[in-house]
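Hello,

I am handing over the structure we talked about, and I would be glad if you looked through it before reading my notes.

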Amino acid sequence: MGRVVMGLAVGCAVATCVIAAAMVGRRIRSKRRWRKVVRVLEEMEESCSTSVGRLRQVVDAMAVEMHAGLASEGGSKLKMLLTFVDNLPNGSEKGMYYALDLGSTNFRVLRVQLGGQRSAIVGHNVDWQPIPQHLKTSTSEELFDFIVSSLKGFVERHDNVADVSQTKRRELGFTFSFPVKQTSILSGTLIHWTKGFAIEDMVGKDVSECLQQAMTKRGLDVRVVALLNDSVGTLALGHYHDEDTVAAVIIGTGSNACYVERADAIIKCQGLLTTSGCMVVNMEWGNFWSSHLPRTSYDIDLDADSNNPHEQGFEKMVSEMYLGEIVRRVILKMSQESEILGPISSKLSTPFVLRTPLMFAMHEDDSPDLREVLRILEESLEIPDVPLKVRKLFVKVCDVVTRRAARLVAAGIVGILKKIGRDGSGGITSGRIKGGSHSKMRRSVVAIEGSLYTSYGMFREYLNEAVTEILGEDVSPYVILKVMEDGSGVGAALLAAASHSASSVDMVQ
């Protein structure tokens, strides 16, 4: 009997040891899986580092590339395109003007009435429509026929006329937010598409002419008098409100910038003559590249999988179209490195399924248990029951991606200021004017438009903070970042009004 009891005791002890060993083994495996996931984040954080020293290297690289792009065609990844805009709106504009804004997912039609004084927009009508997906890859004729059909309906409604061909000719500014090589203020040829468009027959065509032909075909008596992109429109609106506006930046679905340059600094067009001595230059900075940019393996893979590899490298690190996708790729990597999230869902493996607005919502979820993060992971990525500590890790991923993007945009802005001598680094010749017995900094206003800056508080905070860090506390108060609402639309109407008279830009023969 004693031996039986002894045997049972030994058996129980062995079983207990086995169970304990199994539990310890599970804990060890769980810790190992967790360490692998944390290591993915740590490696990403290190690769995305944007110290002030590194940002200043990006600033210098941006200024150097700007110089190179102005010196010769093809001299830089920055195209530094002439816009033939040499006189920006100043408040004297008066009358009714139309604008058409063709961007990425929508196009808009506007009618703007100007009152002849600075910041005097006395009337403003707007209508917008989504662009059907199939038209982004169809033909130029089909795309513009669709747009002009909507434009004609808009004119008929707001002008209260039954036959728009029987009234006086209207003048229109056309915002076309794709790379264009302009030949005048009102004409230019498409270089290549971005933002998911791929209408092959339009590359190399005159954009304004395509629109003008479609309007003539529809019997719509409207004349295109200004062709621009959204950054130029934003600069025009900024200057209309504040004459110290020297540059504009778009940070939305895509990213771009333009600024006011001295005409004599545009070496590749030495015969350029302007009445103002200046010219707005469209940088197309989405294509900027430098070895100083903190690129990760996720950026490299995203670029390789894109429909334009080795192009728009800067844009792919900072714009709304790509930030959510970078976060998705990091989460996927974490899932592949360990079983902490369970089996990998098909949704998590789908490119661009995590849209950037969803990433914003995850990043800004301030609930104690991160309920919004949990909901997005379940509904959008089909990852159920994610533990709280893992959700916190994903929020950190969103933070790293957002912070890097915002700080790189800040470096780009300061790079522009450095190029035009407004960064305060070179005495009176660098952003200073003489005033009495001492010199003082000039105000430099940068107009900003785009949802990343206007709607995403953390992005805006990180960008503003970085500008101050790079410039220093003595100079940064003289650099003002101003949000412009609808620069791509209202700005086009303003430039149509400003270019109402004959263009003042000419070339020396």
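This is a predicted model: local features need pLDDT of at least 70, side-chain atom pairs count only at pLDDT 80 or more; totals for chains, interfaces and linings use all residues.

Residues are numbered from 1 along each chain as its sequence is written, and side-chain values use heavy atoms, with hydrogens and water left out.

I begin with the cores, where a nonpolar core is a set of buried Ala, Val, Leu, Ile, Met, Phe, Trp, Tyr and Cys residues joined through side-chain atoms within 4.5 Å, and buried means under 20% relative accessible area, with exposed over 50% and partly exposed in between (1.4 Å probe, protein chains only). The largest nonpolar core has 122 residues, and the members that touch the most others are Met-283, Trp-285, Ile-413 and Leu-463. Helix H11 (residues 388–419) gives this core its largest share, 18 residues; helices (H or I, at least four residues) and strands (E, at least two) are DSSP runs, numbered from the N terminus. A second, separate core has 33 residues, including Leu-100, Phe-154, Cys-210 and Leu-227.

Next come the cavities. On a 1 Å grid over the protein atoms alone, a cavity is a set of points where a 1.4 Å probe fits but cannot get out, and lining residues have an atom within 4 Å of a point; grid points are joined across faces, edges and corners, and a volume is the space filled by probe spheres set on the points. The structure holds 2 cavities of 30 Å³ or more. The largest cavity contains about 80 Å³ of space, and strand S1 (81–82), strand S6 (180–184) and strand S8 (222–228) each supply at least two residues of its lining. That lining has 8 nonpolar, 4 polar and no charged residues, where Asp, Glu, Lys and Arg count as charged, Ala, Val, Leu, Ile, Met, Phe, Trp, Tyr, Cys and Pro as nonpolar, and the others, Gly among them, as polar. The second largest cavity has a volume of about 40 Å³, and its lining has 2 nonpolar, 1 polar and 4 charged residues.

Finally, how many disulfides are there? The count comes to 0, a disulfide being a pair of cysteine sulfur atoms within 2.5 Å. Cys-258 counts as buried because its relative accessibility is 0%, and Cys-210 counts as buried because its value is 12%.

Best wishes

Methods
On a 1 Å grid over the protein atoms alone, a cavity is a set of points where a 1.4 Å probe fits but cannot get out, and a pocket is an open set with protein on both sides within 12 Å along at least five of seven lines; lining residues have an atom within 4 Å of a point.
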